[in-house]
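Me: Hi! I'm new to this one and would like to walk through it with you, a few spots at a time.

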Amino acid sequence: MSKLKEFLSKAVAMADPSDLVAGASVTIKYFFSHPVTVMYPFEKREFSSCAKGVLALIPDKYGDDLCIGCMQCVKICPVDCLTVEMRKLSKEELLGRKFEEKKKKALIPTFEVDLQRCMLCSLCVEICPTDALEMSQTVTLIMTNREDQVLDRMRMLELGKDTQRYRNRLAAGEIECEAIQCPEPKHKD
Amino acid sequence: METGTVGAFLEPGEKEGDFILNMGPQHPATHGVLRVILRTEGENVVDCDSDIGYLHRGQEKTAENLPYVEFTPYTDRLDYIAAPAMNLTWVEACERLLQLEVPERAKYIRVIIAELTRLASHLLWLGTHAMDIGALTLFLYCFREREMVLDLFEGFGGARLTTHIFRVGGLPNDLPKGWLEDLEAFLDLFPSRLSDYHKLLTKNRIWLRRTKGIGVVTADECVDWGLSGPLIRGSGIALDLRRKQPYEIYDRLDFDIPTQEEGDVYARYLVRMEEMNQSLRILRQCVDQLPSGPFIGKVPKRLKAPKGELYHATESPRGEFGFYIYSDGGTQPARVKIRAPSFINLQALPVLIRGALLADVVAVIGSIDIVLGEVDR
């Protein structure tokens with residue numbers, strides 16, 4: 001008798017469709033809502049203003065970088081992906097040169113970031129005393145060989161135009177020069 | 001087979017019908033590179049062993065060669081599903097070791113991010129766990145909501161997955177304008193989505209039959225194996241470090257520790273679902289109480305830890321996650337040991353699987369909620 005009762009209660013539970021109806025109602029509800037997917041190659045989503053992309057150098061108003069060559073970024077980088085070379089300028093050389101950053105008394109012939117190593121932790125950006133570095137909003141960089149993965153100073157300055165801070169400064173009229181300057185060659189022969 | 005190799009005890013038996021089955025390391029339901037060696041008798045699993053280490057990167061050794069601050073981005077790569085929880089543990093451990101003060105506002109924002117992490121992690125678990133068992137619909141809904149949480153991470157810290165969102169001494173930046181409004185909009189929306197998940201699964205007859213009474217682990221076994229997180233709470237022990245050893249500001253917040261008595265896959269499912277609800281409660285309280293003030297305390301440029309050792313653990317979405325740091329007085333830790341909840345919970349896999357059906361293995365692995373980045377370190 002108890003077996004029959006058990007069977008009957010199971011049969012009643014099986015015949016009760018409330019669980020399936022509740023589930024189906026959720027699925028049917030979303031038939032009438034808009035899709036949330038962004039159709040990626042055709043449309044691109046906006047990044048938030050502090051999204052961290054590839055590392056970039058901020059151009060100053062004369063088109064040069066703001067780096068003073070203090071090497072703090074090189075020291076703090078956990079993966080050693082930065083290569084910086086600095087050339088101090090003598091007093092004679094400094095005459096007639098315009099730098100936005102008052103501390104800047106040096107040229108930076110080399111500033112390279114190895115994208116194969118960089119993990120976008122932004123520790124270098126935070127430690128920089130002159131705010132010369134910034135994470136750009138560029139997240140896709142397509143290269144055909146490994147050597148191109150090392151971004152040189154010029155490319156980093158170009159990427160600097162894709163940062164929120166550069167746009168803010170451009171809007172505020174703090175930047176005059178659009179062109180980016182190349183530093184002097186290391187050896188003058 | 002040589003002695004000492006994984007699965008040595010699983011040599012084919014003399015019994016007819018015994019079969020050794022390899023599952024993984026390339027298997028979608030093992031959530032990464034986990035290899036499970038199963039000894040089956042027809043459809044029944046008699047015994048099992050797990051083979052780990054495919055994702056080993058030597059994180060503990062790496063920590064010995066890096067200053068305290070510089071190891072923080074590496075912790076992202078431990079449990080990459082819940083990276084902020086890993087950051088939090090490391091940063092707090094360093095602060096305790098270096099005796100740094102953290103401002104109140106930073107503590108509140110840290111709790112907000114940590115609870116959002118719990119939501120994101122549980123949403124990914126729910127989606128993939130349900131998909132393993134066969135409920136594909138939920139996977140899409142869960143990822144939709146998880147995307148919202150990741151957008152909040154992106155709005156605050158700049159990154160979505162490997163966040164590096166906390167700094168030793170506080171936070172990298174203050175909350176951007178409009179971020180709290182975004183968070184509140186999410187908090188208003190999420191409860192209705194959570195009830196959708198409940199409607200889809202909690203009473204669904206297929207879900208019940210696939211999860212109830214499967215992978216049972218008793219409270220005593222949980223203590224013996226040192227399990228933590230939703231596993232031990234699903235077996236009736238209310239162990240939660242947010243309550244037992246409050247860190248940050250958890251002692252000031254009002255929330256419940258959900259527990260279930262059964263200890264099966266379904267109980268762990270209910271525990272995690274209720275935890276999402278409690279996380280929402282915590283988030284609401286944090287948003288209401290959020291004080292103003294600085295977001296980072298005074299941090300000396302050159303961090304030098306005093307001689308000594310320290311173990312600091314927090315409640316990550318997967319359980320007790322801890323760092324043991326031994327310092328010899330230098331700028332780098334002399335030894336670091338990571339107590340990874342996934343690793344310890346995974347060791348109990350044979351206990352959970354023995355006697356189950358082959359198809360239940362997937363359900364059990366899903367209910368432990370492992371992340372191989374943390375297991376293999």
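Me: Where is L100(B) found?
Reply: L100(B) is in the loop between α3 (83–98) and α4 of chain B. Helices here are DSSP runs of H or I with at least four residues, strands are runs of E with at least two, and both are numbered from the N terminus. Before we go on: this is a predicted model, where local features need pLDDT of at least 70 and side-chain atom pairs count only at pLDDT 80 or more, while totals for chains, interfaces and linings use all residues. Residues are numbered from 1 along each chain as its sequence is written, chains are lettered from A and ligands numbered from 1 in the order in which they are written, and side-chain values use heavy atoms, with hydrogens and water left out.

Me: Thanks! Is L100(B) buried or exposed?
Reply: L100(B) is buried, with a relative accessible area of 15%. Buried means under 20% relative accessible area, exposed means over 50%, and partly exposed is in between (1.4 Å probe, protein chains only).

Me: And what is L100(B) in contact with, leaving aside its neighbours within four places in sequence?
Reply: E95(B), V168(B), K298(B), V299(B), P300(B) and L303(B). Contact means heavy atoms within 4.5 Å.

Me: Let's move to the helices. At what angle do α4(B) and α6(B) pack?
Reply: Helix α4 (residues 104–133) and helix α6 (residues 179–201) of chain B pack at about 30°, and their axes are 13 Å apart. That makes α4(B) roughly parallel to α6(B). On the terms: axes are lines fitted to C-alpha atoms, for helices over the stretch in contact, and angles run from 0 to 180 degrees between N-to-C directions. Under 35 degrees counts as roughly parallel, over 145 as roughly antiparallel, 65 to 115 as roughly perpendicular, and the rest as oblique.

Me: Which residues make that contact?
Reply: From α4(B) there are I112(B), I113(B), L116(B), L119(B), L123(B), L126(B) and A130(B), and from α6(B) there are W179(B), L183(B), F186(B), F190(B), Y197(B) and L201(B). By class, the contact of α4(B) with α6(B) has 13 nonpolar, no polar and no charged residues. Ala, Val, Leu, Ile, Met, Phe, Trp, Tyr, Cys and Pro count as nonpolar, Asp, Glu, Lys and Arg as charged, and the others, Gly among them, as polar.

Me: How do α5(B) and α6(B) cross?
Reply: Their axes come within 11 Å and cross at roughly 165°, so α5(B) and α6(B) are roughly antiparallel to each other. Among the residues that meet there are L138(B), Y141(B) and M148(B) in α5(B), with W179(B), F186(B) and Y197(B) in α6(B). The contact of α5(B) with α6(B) divides into 15 nonpolar, one polar and four charged residues.

Me: How many residues has α5(B) got?
Reply: Helix α5 (residues 136–157) of chain B has 22 residues, and from first C-alpha to last it reaches 31 Å, close to the 32 Å expected at 1.5 Å a residue. That expected span is 1.5 Å times one less than the number of residues. Just after α5(B), G158(B) takes a positive phi of about 100°.

Me: What about α14(B), how many of its residues are buried?
Reply: Nine of its 11 residues are buried, so α14(B) is largely enclosed by the rest of the structure. V361(B), A363(B) and I365(B) are among them. α14(B) also packs with α4(B) at about 175°, with the axes 9 Å apart, and the two are therefore roughly antiparallel to each other. W125(B), H129(B), D132(B) and I133(B) of α4(B) touch V362(B), A363(B), G366(B) and S367(B) of α14(B). That contact of α4(B) with α14(B) has four nonpolar, three polar and one charged.

Me: What comes just after α14(B)?
Reply: D369(B), with a positive phi of about 60°. D369(B) lies in the loop between α14 (358–368) and α15 (372–376) of chain B and counts as buried at 8% relative accessibility. Most residues other than glycine have a negative phi.

Me: Which residue in chain A has a phi near 65°?
Reply: S122(A), a residue other than glycine. S122(A) is in the loop between β3 (106–114) and α5 (123–127) of chain A, and is buried at 7% relative accessibility.

Me: Last one: where is T83(A)?
Reply: T83(A) is in strand β2 (residues 82–88) of chain A and is partly exposed, at 38% relative accessible area. T83(A) and F111(A) are 28 residues apart in sequence and 5.7 Å apart in space, C-alpha to C-alpha.
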